[in-house]
Amino acid sequence: MSDPRSLAALGLLDPPPATLPLTYPGAAPETSGLLLDRRFLEIDPVPGRPVGDWDVRADADKPTVDKMLRGVPVVEMAGRRPVVAVGSNASPAQLIRKFGSRDVSTVVPMVRCRVDGIAPGISAHINRHGYVPAAPVEVPGETNTLFALWLDDTQLAALDETEPNYRRVELTPDFAVRSATGEHVGPCSIYVGRWGCLADPDGTPWRLVPQRELIDRLLARVPDLRALLGTTPESFTELAADESRRERAVGLLKRAGLVVAQRRLEELGR
């Protein structure tokens, strides 16, 4: 009998966006959990305890996160650093692709947290796989639920390699991150886009939406994109695999007034 906690059974093992760009940002879990051996084991928060002492629904005894990590064995929570994910890094299939291709452990605690002042927006560039990826955007006074990945040093270095269009920066208290039990999570980092974000002419950032919806919106707002990348999401992702077309497309977005900087986020770590 198949394991109901396997990524396949949970619908989390679909081909990652690098393979099927129109699926970006990929399927994300609905709860906090431990990504382990192509399974996703739900984690139950325990008030008053650090995440490493939370319970994992692995068996009737509900071992703690740290006990599960010791059993693999991999680095425990004290040796890991939390990184907020706003795009495909919240997709187990994407993490398995990124880490697996670099012979790095794919064991990752993934915890849903409340993050102040940040929302998933859209980066003002096109990925080499043809999709338009996410980037964090500033939303003062707003709080959103996002995944924090607890990564060891080797995983963190590998993830950095996969993010050439972003800088990993440490979040300041203005962008507080709290777990489901209300405890502050920190120091916590995030990948900030190097190219600004897509926004309306008044500066209001666009929010992350399904890739087909986003591309249709871009083709409608910037008609010149149609001559360059076709008239459908399928043609867009296929033709955008060409670097020169991607660069010209970004130029069109800028001329259309759809690109703005995220000053406070971009100044972090400088």
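The structure is a predicted model, in which local features require pLDDT of at least 70 and side-chain atom pairs count only at pLDDT 80 or more, while totals for chains, interfaces and linings use all residues. Residues are numbered from 1 along each chain as its sequence is written, and side-chain values use heavy atoms, with hydrogens and water left out.

Volumes are the space filled by probe spheres set on the points, which are joined across faces, edges and corners. The largest pocket holds about 750 Å³ of space. Its lining comprises 38 residues, with His 125, Asn 127, Pro 164, Asn 165 and Tyr 166 nearest the centre. The greatest contribution, six residues, is that of α7. By class, 18 residues of this lining are nonpolar, ten polar and ten charged, where Ala, Val, Leu, Ile, Met, Phe, Trp, Tyr, Cys and Pro count as nonpolar, Asp, Glu, Lys and Arg as charged, and the others, Gly among them, as polar.

The second largest pocket holds about 230 Å³. Among its lining residues are Pro 4, Arg 5, Phe 40, Leu 41, Glu 42 and Arg 57, and the lining divides into seven nonpolar, one polar and four charged residues. One cavity of 30 Å³ or more is present. The largest cavity holds about 40 Å³ and is lined by Ala 135, Pro 136, Val 192, Gly 193, Gly 196, Cys 197, Gln 262 and Glu 266. Both β6 and β9 give two or more residues to this lining.

Helix α2 is largely enclosed by the rest of the structure, because seven of its nine residues are buried (under 20% relative accessible area, 1.4 Å probe, protein chains only). These are Pro 92, Ala 93, Gln 94, Leu 95, Ile 96, Lys 98 and Phe 99, and their cover includes β1 (33-36), β5, β6 and α3. In α3, the buried residues are Gln 155, Leu 156, Ala 158 and Leu 159. They fall within an arc of 165° seen down the axis of α3, and so line one face of the helix; the arc is that of the directions from the helix axis to the C-beta atoms. Cover for the buried residues of α3 includes β4, α2, β5 (108-122), β6, β7 (166-170) and β9. At the start of α3, a side-chain oxygen of Asp 152 lies within 3.1 Å of the backbone nitrogen of Thr 154.

In α4 (residues 211-221), Gln 211, Leu 214, Ile 215, Leu 218 and Leu 219 are buried. Their arc, seen down the axis of α4, is within 130°, so these residues line one face of the helix. They pack against β5, β10 (197-198), α5 (224-229), α6 (233-239) and α7.

Definitions and conventions
On a 1 Å grid over the protein atoms alone, a cavity is a set of points where a 1.4 Å probe fits but cannot get out, and a pocket is an open set with protein on both sides within 12 Å along at least five of seven lines; lining residues have an atom within 4 Å of a point. Helices (H or I, at least four residues) and strands (E, at least two) are DSSP runs, numbered from the N terminus. Buried means under 20% relative accessible area, exposed over 50%, partly exposed in between (1.4 Å probe, protein chains only). Contact means heavy atoms within 4.5 Å. A polar contact is a pair of N or O atoms within 3.5 Å; within protein, one must be able to donate a hydrogen and the other to accept it, and residues adjacent in sequence count only if both atoms are side-chain atoms.
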